[in-house]
Every structure is written in structure tokens, then in C-alpha cells.
Amino acid sequence: MHKWAMFILFIAASILGLSVLIFAPPSSGEEVIPEAKDNEIQFILTNFKFDKDEYRVRAGEPVILTMINRQGTHGVMVQGTDINLLKDNPSQEVVFEEPGEYMLLCSVMCGTGHADMVAKLIVEEPLEDGDAAETNEQAA
Ligand SMILES: [Cu+2]
């Protein structure tokens, strides 16, 4: 009789364990990444790299820079500016006035691959009026 009770307990525990596995929410490592807004640049960071080698923005236009830690804890520093996106302030709206190139660096000492975490931010020439007119003609 006692054995049966133990057996039933064991089965119940197994079912409970299994249901936890099946219904558990995804772990933070598989976090769903929010869709980027039209003028948003997302830097998606893993150990130990940026999701892209180059990111492009347009000079003179407001852009939202967002840092997303997909794996590990990192930060994004735009060299030569005071922009430093960290866990507590992962998003910032900025305007780059002049075309040019910036190095992007990880700003958190994250581990062995920290020094390899670099990418490039390219600020492209502003769109000229001519370009806009051309687009309108094509649309007409
Ligand atoms: Cu780092």
C-alpha cells in the first residue's frame, strides 16, 4: 500500500515537472526583440559582437539609437561623442549633423571578447532636394 502511494506521488511529480518544462515562458536569453521604428537603429549585441559590421544613418535627421543585449551584458559607445547606451538607458534620440564615420565600441567590460566588439556607424550625406523631386516624379 505504501509503495503505491509513493508511485502515485512520483507520477504526479513527473507530470508537474513536465508541465513546467512545456509551459515555462522563454528564458531571457531568447527574449523577443521589439520591431524597430522607422528612424530607429538597433544594435543587437551578443557575446562578443554587434549584429552588423556597419550601421547607416542620414546626417541632419533625428535617429533613435537602441542597444539590445541579446546575450550577456554590453553597452554601445559612439567614439568621439558622449553617446553611451547602457542597460539603464538603452535608447537615445540623436542627430548627426555632419556626414562621417564613427567607431562603435562596447562600453561594458563583458568578458574575453570585449575588445573585439566593434562596428562602424556611417553617417551619410543628407538627401538633397533633387533626390526628393526625382522620387516624386517616379511616383507620378
Ligand atoms: Cu564589452
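**From a strand pair to a copper site**

What you are looking at is a predicted model, in which local features need pLDDT of at least 70 and side-chain atom pairs count only at pLDDT 80 or more, while totals for chains, interfaces and linings use all residues. Residues are numbered from 1 along each chain as its sequence is written, and side-chain values use heavy atoms, with hydrogens and water left out.

Back to that pair. Strands β5 (residues 76–78) and β8 (residues 100–106) run antiparallel and are joined by three bridges. Strands here are DSSP runs of E with at least two residues, helices are runs of H or I with at least four, and both are numbered from the N terminus. Two strands pair if DSSP finds at least two bridges between them. As a reminder, strands of a sheet pair through backbone hydrogen bonds, either parallel or antiparallel.

The copper ion has four protein donors, namely Cys106 (SG), Val108 (O), Cys110 (SG) and His114 (ND1), at 1.9 to 2.3 Å. A donor is an N, O or S atom within 2.8 Å of the metal (3.2 Å for Na, K and Ca), and water is not among the atoms, so sites may look incomplete. Along the chain, the donors are spaced as C-x1-V-x1-C-x3-H. What about the geometry? The arrangement is irregular because the angles between the four donor atoms run from 84 to 123°. To count as tetrahedral, four donors need all angles between 85 and 135 degrees; square planar (four donors) and octahedral (six) need opposite donors over 155 degrees apart and all others between 65 and 115, and anything else is irregular. Val108 is partly exposed, because its relative accessibility is 22%. The cut-offs are under 20% relative accessible area for buried and over 50% for exposed, with partly exposed in between (1.4 Å probe, protein chains only).

Now zoom out to the sheet that holds β5 and β8. Five strands make up this open sheet, in the order β3-β9-β8-β5-β6 and with mixed pairing. Its edges are β3 (54–58) and β6 (84–85), each of which pairs on one side only. β3 runs parallel to strand β9 (residues 118–124), and five bridges join the two; Tyr55 sits opposite Leu121 in β9.

β3 has two faces: Tyr55 and Val57 are on the covered one, whereas Glu54, Arg56 and Arg58 are on the uncovered one. With a relative accessible area of 45%, Arg56 counts as partly exposed. Its side chain makes polar contacts with the side chains of Glu54 (3.2 Å) and Glu124 (2.8 Å). A polar contact is a pair of N or O atoms within 3.5 Å; within protein, one must be able to donate a hydrogen and the other to accept it, and residues adjacent in sequence count only if both atoms are side-chain atoms. Arg56 and Glu124 are 68 residues apart along the chain, yet their C-alpha atoms are separated by 6.9 Å. Leaving aside neighbours within four places in sequence, Arg56 is in contact (heavy atoms within 4.5 Å) with Ile41, Ile122 and Glu124.

There is also an open sheet of four strands, ordered β2-β1-β4-β7, again with mixed pairing. β2 and β7 (91–95) are its edges; each has a single partner strand, so one side of each lacks a neighbour in the sheet. Strand β1 (residues 40–46) is mostly covered, with six of its seven residues buried. β1 pairs in the parallel sense with strand β4 (residues 62–69) over six bridges, where Gln42 faces Thr66. On β2 (residues 49–50), the pairing with β1 is antiparallel over two bridges, with Thr46 opposite Lys49. Two residues lie between β1 and β2, and together these strands form a hairpin.

Finally, the whole protein chain. It has two helices and nine strands, following the pattern α-β-β-β-β-β-β-β-β-β-α along the sequence. Of its 140 residues, 24% are buried. Among contacts with a separation of 6 or more, 62% are between residues 24 or more positions apart.
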